[in-house]
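Below is a short briefing on one protein chain. Look at the sequence and the model first, then read the points that follow.

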Amino acid sequence: MASSGSGKSTSDVSSHLSSSGISQHRKKLISICDQCKSKVQLVADLLLLSSETRPVNTESLSVFGESFEKCRDTIIARTKGLSILTHDVQSQLNMGKFGEVGESLLELGDLVVSLTECSAHAAYLAAVETPGTQPALPGLVDRYKVIRCRHEVEQSCAILKTSSLGDLTPQVLLEVSQNISRNLKTLTDVCVLASDKSKEKFAKEQFKLSIKCISTSATALLACVKEVKSSPSELTRNRCVLFSGALVQSVNALVGFATEPQFLGRAATMNQEGKAVQTAILGGAMSVVSACVLLTQRLRDIAQHPENSSKMPDYRERLRNSACAVSDGCNLLSQALRERSSPRTLPPVNIQIL
């Protein structure tokens, strides 16, 4: 997703970067900033800003089971790792090591996603422990899981569409192919299970037909990716663009069908006490996410402009402020988890967190 703060489209930025002779490491960092920002914002939208209260079911969270304490302790430990990564990013940037900054930012983005997932799950566990709360009932489909898969496929296809032929190196093409295959497998597994468990004849068949559709589209696209790898040319690259569109459309159709309300089960119902606990923890997590999104944007600003730019001192100062905000957010989240309430993370009455 192109940064809303840049004021330029991805193609405009690419053209500007090419004409200004900016390094490949800086170009790569800008791309990583956009990818991380998009992923983190999506996860926050799904888990922190959603009006529904459900557990988060991922492999990394399965070890916690129904233990709020295990989840809490893991989150607090990971906030310390986030602080270390934030410091590393600033140090690497000061030394002009843009390649290392990109690698650290990828790790930071994954850690923020993990923190967000753990925080949302902890908020659910804490909320359902309050008297009078009815826990969520699982449905045939995990909405969070399939929407994440769709986003990953869209991001991979966007790389094929927006990258120049020279940027589509064998390593990039390999990573794109693997990411598409991995997420389509997850999506397929979810929908096969939903088809098997569904009692409605139409739903059973529609899941199966949709799976065949994405499988066929993926096979056609991956054949094009293999061809551009072995015989790179604008013709073979354009084929990737054509067939990536078909895959994105088929995945969108399947996810749209799979996330219809009848397949999603029922969210938890809570009293005011449960909602207050949940809001405190989610508010702390949102403080971390917001600060990390700002950090990513500041890195993008710095990577996009030459060191002698008159704006550079301001960009670097904003980066330092964003890093401090990450630390403050981690403290707020840890406090909310320990106390299950925090005045600084609770919104005023009748005011919705945005």
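**A buried arginine and the overall picture**

With a relative accessibility of 2%, Arg300 counts as buried, because the cut-off for buried is under 20% relative accessible area. The model described here is predicted. Arg300 sits in helix α9, which covers residues 272-304. Its C-alpha atom is 5.3 Å from that of Ile30, although Arg300 and Ile30 are 270 residues apart in sequence.

**The chain as a whole**

- The protein chain has ten helices and zero strands.
- Along the sequence the pattern is therefore α-α-α-α-α-α-α-α-α-α.
- Of the 354 residues in the protein chain, 48% are buried.
- Taking contacts between residues at least 6 apart in sequence, 82% join residues that are at least 24 apart.

**The nonpolar core**

- The largest nonpolar core contains 98 residues.
- Leu82, Val141, Leu187, Phe207 and Leu247 have the most contacts inside this core.
- Helix α4, residues 98-128, gives the most to the core, with 15 residues.
- Val141 is in contact with Val146, Val190, Ala194, Phe207, Ala258, Phe263 and Leu264, leaving aside neighbours within four places in sequence.

**Helices α5 and α6**

- Helix α5 (residues 143-162) packs against helix α6 (residues 170-197) at an angle of about 155°, and their axes are 9 Å apart.
- That angle makes α5 roughly antiparallel to α6, because angles over 145 degrees count as roughly antiparallel.
- The crossing of α5 past α6 is left-handed.
- On the α5 side, the contact is made by Lys145, Val146, Arg148, Cys149, Glu152, Val153, Ser156, Cys157, Ile159 and Leu160.
- On the α6 side, the contact is made by Val172, Leu173, Val176, Asn179, Ile180, Asn183, Leu184, Thr186, Leu187 and Val190.
- Sorted by class, the contact of α5 with α6 has 13 nonpolar, four polar and three charged residues.

**Helices α6 and α8**

- The axes of α6 and helix α8 (residues 234-258) come within 12 Å and cross at roughly 30°.
- α6 and α8 are therefore roughly parallel to each other, because angles under 35 degrees count as roughly parallel.
- α6 passes α8 in a crossing that is left-handed.
- Ile180, Leu184, Leu187 and Cys191 of α6 make this contact with Leu247, Val251, Leu254, Val255 and Ala258 of α8.
- The contact of α6 with α8 has nine nonpolar residues, no polar residues and no charged residues.

**Helices α3 and α10**

- Helix α3 (residues 68-94) and helix α10 (residues 312-339) have axes that come within 10 Å and cross at roughly 170°.
- This makes α3 roughly antiparallel to α10.
- The α3 residues in the contact are Phe68, Arg72, Ile75, Ile76, Thr79, Leu82, Ser83, Thr86, Gln90, Leu93 and Asn94.
- The α10 residues they meet are Arg316, Leu319, Arg320, Ala323, Val326, Cys330, Leu333, Ser334, Leu337 and Arg338.
- By class, the contact of α3 with α10 divides into eleven nonpolar, six polar and four charged residues.

**Two residues of helix α10**

- Arg316 lies in helix α10 and counts as buried, with a relative accessibility of 18%.
- Not counting residues up to four places away in sequence, Arg316 touches Leu93, Asn94, Ile302 and Glu307.
- Glu317 is also found in helix α10, but Glu317 is partly exposed, with a relative accessible area of 36%.
- The C-alpha atoms of Glu317 and Arg298 are separated by 9.2 Å, and these residues are 19 apart along the chain.

**A valine in helix α4**

- Val101 is placed in helix α4.
- At 0% relative accessibility, Val101 counts as buried.
- Val101 and Val89 are twelve residues apart along the chain, and their C-alpha atoms are separated by 5.4 Å.
- Val89 is also one of the contacts of Val101, together with Leu29, Gln92, Leu93 and Leu299, once neighbours within four places in sequence are left aside.

Conventions:
Residues numbered from 1 in each chain as written. Predicted model: local features only at pLDDT ≥ 70, side-chain atom pairs only at ≥ 80, totals over all residues. Heavy atoms only, no water. Core = buried A, V, L, I, M, F, W, Y, C linked by side-chain atoms within 4.5 Å. Buried < 20%, exposed > 50% of the residue type's maximum accessible area, 1.4 Å probe, protein only. Helix = DSSP H or I, 4+ residues; strand = E, 2+ residues; numbered from the N terminus. Contact = heavy atoms within 4.5 Å. Axes fitted to C-alpha atoms, helices over the stretch in contact; angles between N-to-C directions. Parallel < 35°, antiparallel > 145°, perpendicular 65-115°, else oblique. Left-handed = near helix turned anticlockwise from the far one by under 90°. Nonpolar A, V, L, I, M, F, W, Y, C, P; charged D, E, K, R; others polar.
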